[in-house]
Amino acid sequence: MRLALELADAGLLALPEEGEAAAPSPGLAVVDGETITGGRAAAARARLTPRRLHSRFWLDISTEALGRPFGRHLRSADLAWTHLNELWREAGHGVTSVILALSGEHSEARLGLILGVARSAGLPVDGMVDAAVASSVGQSLDGPVLHLDLELHRTVLTLLEPGPRRRKVVISDRVGLVRLHDAWLRLMAGLFLKTTRFDPFHSAASEQDLYDRLPPILHTLRRGPSTTVSLRAENNVFTVDLTRDQVVAAADTRYVEIDALVRSAIAHRPVALLLTARAASAPGLADRLADLTDLEAVSYTHLTLPTINGECRSRWSREQLDG
């Protein structure tokens with residue numbers, strides 16, 4: 001059985017040939033002495049042990065030692081290995097072939113390191129594809145396309161030409177999901193403090209609770225104008241109202257950075273703007289960019305195995321990967 005793995009630090013996603021895809025596994029690791037916890041389990045401790053949390057190991061993957069507070073013996077490649085190994089134990093049963101889908105700005109040296117880490121973790125990798133290129137397969141768009149993704153610490157914009165083929169990749173390190181999520185957590189904490197005099201940041205447990213609730217809150221506000229947020233602490237339940245407009249306003253300075261990135265690519269006369277699920281999860285962003293560019297904003301849930309298979313061409317043949 002073949003499996004495609006979307007290798008994005010905001011959420012590694014295993015797409016099996018048969019059965020349902022599991023929830024994305026975020027590129028987070030908690031280092032507690034000799035124990036490393038990755039993915040969803042690390043996210044569940046992100047605000048409980050923030051000094052032990054590492055969220056840049058996919059972005060900065062290397063064989064250099066991490067240093068304090070993670071120990072001299074650990075490298076970012078070790079954390080990536082742990083993350084992949086955990087995911088492989090969950091999703092690798094019966095899989096004989098894996099295709100990696102990842103953003104197109106990686107150097108050959110970094111691709112080689114990622115490939116080595118993946119194979120060391122037990123993944124039988126026999127193909128690598130550009131995730132942005134694969135996502136545009138079957139979209140039936142006649143002309144250049146802008147593909148927008150939000151990673152944990154950056155925004156990646158890929159210009160795609162008909163074919164499809166990658167023409168250009170532009171990156172902004174000024175905004176990613178981590179900064180957006182922090183802005184929204186501060187917004188909600190401020191509302192709780194002002195409305196109920198309860199400060200969710202007063203304890204790590206309540207901050208973690210608020211952090212865990214953020215994805216469904218954002219999902220609700222993508223479609224509706226408001227929602228309620230409730231937290232339990234010390235046998236009390238505190239509730240506040242949260243509007244979509246408040247969330248959009250809290251992200252405005254970050255959205256301006258994304259605006260500038262997209263605006264810089266308009267000269268190439270794209271016909272559509274393609275957003276990953278991660279980019280589309282930001283309330284108001286798709287509508288804002290559609291108004292800014294006068295382009296159709298198309299979002300997709302995730303890549304599919306057929307489109308990834310279709311893009312696994314001779315450039316990434318097994319011979320080249322082994323060579």
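This note walks through a sheet, a helix pair and a hairpin in a predicted model.

1. **The five-stranded sheet.** Start with the open sheet of 5 strands. Its order is β10-β9-β8-β13-β14. The pairing is mixed. Strands of a sheet pair through backbone hydrogen bonds, and the sense can be parallel or antiparallel.

2. **Its edges.** Look next at β10 (165–172) and β14 (296–299), which stand at the edges. Each has a single partner strand, so one side of each is left without a neighbour in the sheet. On average, neighbouring strands of this sheet are turned by 20 degrees against each other, direction ignored.

3. **The β9 and β10 pair.** Strand β9 covers residues 155–161. β9 pairs with β10 in the antiparallel sense, over 7 bridges. For a landmark, find leucine 157: valine 170 in β10 stands opposite.

4. **A helix on the sheet.** Which strands does α8 lie across? They are β8 (145–150), β9 and β10. The helix runs at about 20 degrees to β9.

5. **Two helices crossing.** Helix α8 (residues 252–263) also meets helix α10 (residues 285–293). Their axes come within 11 Å and cross at roughly 40 degrees. Roughly parallel would require an angle under 35 degrees, so α8 counts as oblique to α10. The crossing of α8 past α10 is right-handed.

6. **What makes that contact.** From α8 come Asp252, Tyr255, Val256, Ile258, Asp259, Val262 and Arg263. From α10 come Leu285, Arg288, Leu289, Leu292 and Thr293.

7. **A hairpin.** Now move to strand β3 (residues 29–32) and strand β4 (residues 35–38). They pair in the antiparallel sense over 4 bridges. Together β3 and β4 form a hairpin, with 2 residues between them. Aspartate 32 has threonine 35, in β4, as its bridge partner.

8. **A further partner for β3.** β3 also pairs with strand β5 (residues 53–54). The sense is antiparallel, over 2 bridges. Here alanine 29 stands opposite histidine 54 in β5.

9. Step to β9, its antiparallel partner. Then pick up α8, which lies across both β9 and β10, and follow α8 to its right-handed crossing with α10.

How values were computed:
Residues are numbered from 1 along each chain as its sequence is written. This is a predicted model: local features need pLDDT of at least 70, side-chain atom pairs count only at pLDDT 80 or more; totals for chains, interfaces and linings use all residues. Side-chain values use heavy atoms; hydrogens and water are left out. Axes are lines fitted to C-alpha atoms, for helices over the stretch in contact, and angles run from 0 to 180 degrees between N-to-C directions. Angles under 35 degrees count as roughly parallel, over 145 as roughly antiparallel, 65 to 115 as roughly perpendicular and the rest as oblique. A crossing is left-handed if the near helix is turned anticlockwise from the far one by less than a right angle, and right-handed if clockwise. Contact means heavy atoms within 4.5 Å. Two strands pair if DSSP finds at least two bridges between them.
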